[in-house]
Amino acid sequence: MQKTASFHKKHKEKFLYRDNTVGYIFAAPFILSFCFLTLVPMALSLYYSFCSYKIGSTPEWLGLQNYINLFTNDATFINSLLRTCQYVIVGVPLKLIFALLIAVLLTKDTKLQGFYRAVYYIPSLIGGSVAVALVWKQLFGSRGPIITALKAMGAPASFSFFGDTSWAFVPLVLCNAWQFGSSMLIFASGLKQIPKDYYEAAEIDGAGVMKRFFSITLPCLSPIILFNLIMQLISGFMTFTQAQVITNGGPNYATNYIALNIFTEGFSYSRMGYACAQSWVMLLIMAAVTGIIFKTSSHWTYYEN
């Protein structure tokens, strides 16, 4: 009996070893890419942020000087932080509102429900491309159809989105809000999980459509809202393509968002160490904002269990 038990134990360990080996082999591409394409570049970026460094040159250690310069001697960087916060504060809620409203409409049973979802998701697939940014630039340009329509409705003849520092961010915010497909699908999935009994009971009690939406839909959907909020905040802080292609940071640095400013410092001015310092500041700000949201989420997020 002991020999049989020992035999089975050895074979079981052998099979487990084989299973683990196969698992590691399949996971190896991801593990290697994560290490060499994420962890190593992050470690180098952190090191270079304390150096004066140009690509191809030898890093010169500066200590905290790059970080001190950022907050004491770089008005462009401070402006880029403020402009990025403006973009995030306006653009992220607008995008989530669009996504939620469309998701509510598309959860109603219709024969073309799948087709409508696919159509609304297409902008998310192509919205970050340079081609779409160029089209958007033409739409809001001084001779574009949107400016022409606004002037026909009484806007000043000199009005221009890209020539006014107060309005230049509007096309970028709308372009971002137009790409609500991924958030919409997540909201739609969450709406499907809300028990219909809640709505039936509320309807019997005489609750109207708006009352049911704010008293049932939003509380039950709050975990999904939290997830989408975090993801879109991160995406908003990292916005680059639209600002670079549509406005190139102008006019007068009005759309010079932090990611674009980092790109300019690193590749246009060859100040890669200084750009790395800005990247780590942005990372810390994003981590702080995300931490605050998670910390306060217990006060407004509802979990049924």
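Residues are numbered from 1 along each chain as its sequence is written. In this predicted model, local features need pLDDT of at least 70, side-chain atom pairs count only at pLDDT 80 or more, and totals for chains, interfaces and linings use all residues.

**Helix packing**

Helix H3 (residues 75-106) and helix H10 (residues 209-237) pack at an angle of about 140 degrees, and their axes lie 10 Å apart. H3 is therefore oblique to H10, the term for angles that are not under 35 degrees (roughly parallel), over 145 (roughly antiparallel) or 65 to 115 (roughly perpendicular).

**Pockets**

A pocket is an open set of points on a 1 Å grid where a 1.4 Å probe fits, with protein on both sides within 12 Å along at least five of seven lines; lining residues have an atom within 4 Å of a point.

| Pocket | Volume |
|---|---|
| Largest pocket | about 720 Å³ |
| Second largest pocket | about 340 Å³ |

The largest pocket is lined by 17 residues, and Val 104, Thr 107, Lys 108, Tyr 199 and Thr 217 lie nearest its centre. H10 gives the most to this lining of the largest pocket, with five residues. The lining of the largest pocket divides into eight nonpolar, two polar and seven charged residues.

For the second largest pocket, the lining includes Met 42, Trp 280 and Met 286. H13 gives the most to the lining of the second largest pocket, with five residues. That lining has eight nonpolar, two polar and no charged residues.

How values were computed. Heavy atoms only, no water. Axes fitted to C-alpha atoms, helices over the stretch in contact; angles between N-to-C directions. Helix = DSSP H or I, 4+ residues; strand = E, 2+ residues; numbered from the N terminus. Points joined across faces, edges and corners; volume = space filled by probe spheres on them. Nonpolar A, V, L, I, M, F, W, Y, C, P; charged D, E, K, R; others polar.
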